[in-house]
Amino acid sequence: MKALYFILISLVIVSCQNQGKTDVQAVKQATVDSMKVVLEKQRVIDSMQVEMAQMEEAKVEEAKVESKREVIVVNQQAPASTTTTTTTTKKKGWSSTAKGAVIGAGVGAATGAIISKKKGQGAIIGGLAGAGVGAGTGAIIDGKNKN
């Protein structure tokens, strides 16, 4: 009878040790998974910051081009008068509404795909929501620039 008790106690101890190892493995896997999600989010944020920096550089270049306006001055000597003609050209670009919609759609789609368990559906919903918010924000900026 003592041998039977000894065997049962040793089985309980061995099974408890194995349970602890599987719990540790599950916790490690959960930690690794959460770190992967955080790293993916950070990658998306970093790529959007790079895009924003490139857009800012493009705005600076556009401003430089705009400042170098084409000026044509024609002076014709007539006996009684002088005629001066000045022509300026302005390069047209994207409106803030369009830029906001595109940026918002990209960020929303990426975020929706990361957060949602159904990646495609999350990307579509996030893209639509982001485009709406971005277009609204761009329209506000356009309104302020007109004043």
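**Entry 1: a starting question**

Is Lys-59 buried, exposed or partly exposed? I looked it up: Lys-59 is partly exposed, with a relative accessible area of 41%. For my own use I noted the cut-offs: buried means under 20% relative accessible area, exposed over 50%, and partly exposed in between, with a 1.4 Å probe and protein chains only.

**Entry 2: what kind of model this is**

I am reading a predicted model, in which local features need pLDDT of at least 70, side-chain atom pairs count only at pLDDT 80 or more, and totals for chains, interfaces and linings use all residues. Residues are numbered from 1 along each chain as its sequence is written, and side-chain values use heavy atoms, with hydrogens and water left out.

I checked the confidence next. pLDDT is the predictor's confidence in each residue, from 0 to 100. The mean for the protein is 79, and 74% of its residues reach 70 or more. Among the elements, strand S2 (residues 82-83) has the lowest mean pLDDT, 52, while H2 has the highest, 89. I keep a reminder here: where pLDDT is low, the predicted coordinates should not be read in detail.

**Entry 3: the overall layout**

I found three helices and two strands in the protein. Along the sequence they follow the pattern α-β-β-α-α. These elements are DSSP runs, numbered from the N terminus: helices are H or I with at least four residues, and strands are E with at least two.

Of the 147 residues in the protein, 9% are buried.

Residues 24 or more positions apart account for 48% of them.

**Entry 4: helix H3**

How far apart are the end C-alpha atoms of helix H3? They are 40 Å apart, which agrees with the 40 Å that its 28 residues (119-146) should span at 1.5 Å a residue. The expected span is 1.5 Å times one less than the number of residues.

Which residues are buried in H3? I listed Gly-122, Gly-126, Gly-127, Gly-130, Gly-134, Gly-138 and Asp-142. Helix H2 (96-115) is included in what covers the buried residues of H3.

I stayed with Asp-142 for a while. Leaving aside its neighbours within four places in sequence, Asp-142 is in contact with Ser-95, Ser-96 and Thr-97. Its side chain makes a polar contact with the side chain of Thr-97, at 2.8 Å. A polar contact is a pair of N or O atoms within 3.5 Å; within protein, one must be able to donate a hydrogen and the other to accept it, and residues adjacent in sequence count only if both atoms are side-chain atoms.

How many salt bridges does the count come to? It comes to two, by the rule that a side-chain nitrogen of Lys or Arg lies within 4 Å of a carboxyl oxygen of Asp or Glu. The general idea is friendly enough: side chains of opposite charge can pair when their charged atoms come close.

One joins the side chains of Glu-40 and Arg-43, at 2.4 Å from N to O. These two are three residues apart in helix H1 (residues 2-67), so about one helical turn separates them. Glu-40 counts as partly exposed because its relative accessibility is 30%, and Arg-43 does too, at 48%.

The other joins the side chains of Glu-56 and Lys-59, at 3.9 Å from N to O. They are also in helix H1, three residues apart, so about one helical turn lies between them. Glu-56 is partly exposed at 43% relative accessibility.

I returned to Lys-59, which sits in helix H1.

Lys-99 is found in helix H2. Which residues is Lys-99 in contact with, leaving aside its neighbours within four places in sequence? I noted Met-55, Lys-59 and Trp-94. Lys-99 and Gly-138 are 39 residues apart in sequence and 7.0 Å apart in space, C-alpha to C-alpha. Gly-138 is one of the buried residues of H3.

Conventions:
Contact = heavy atoms within 4.5 Å.
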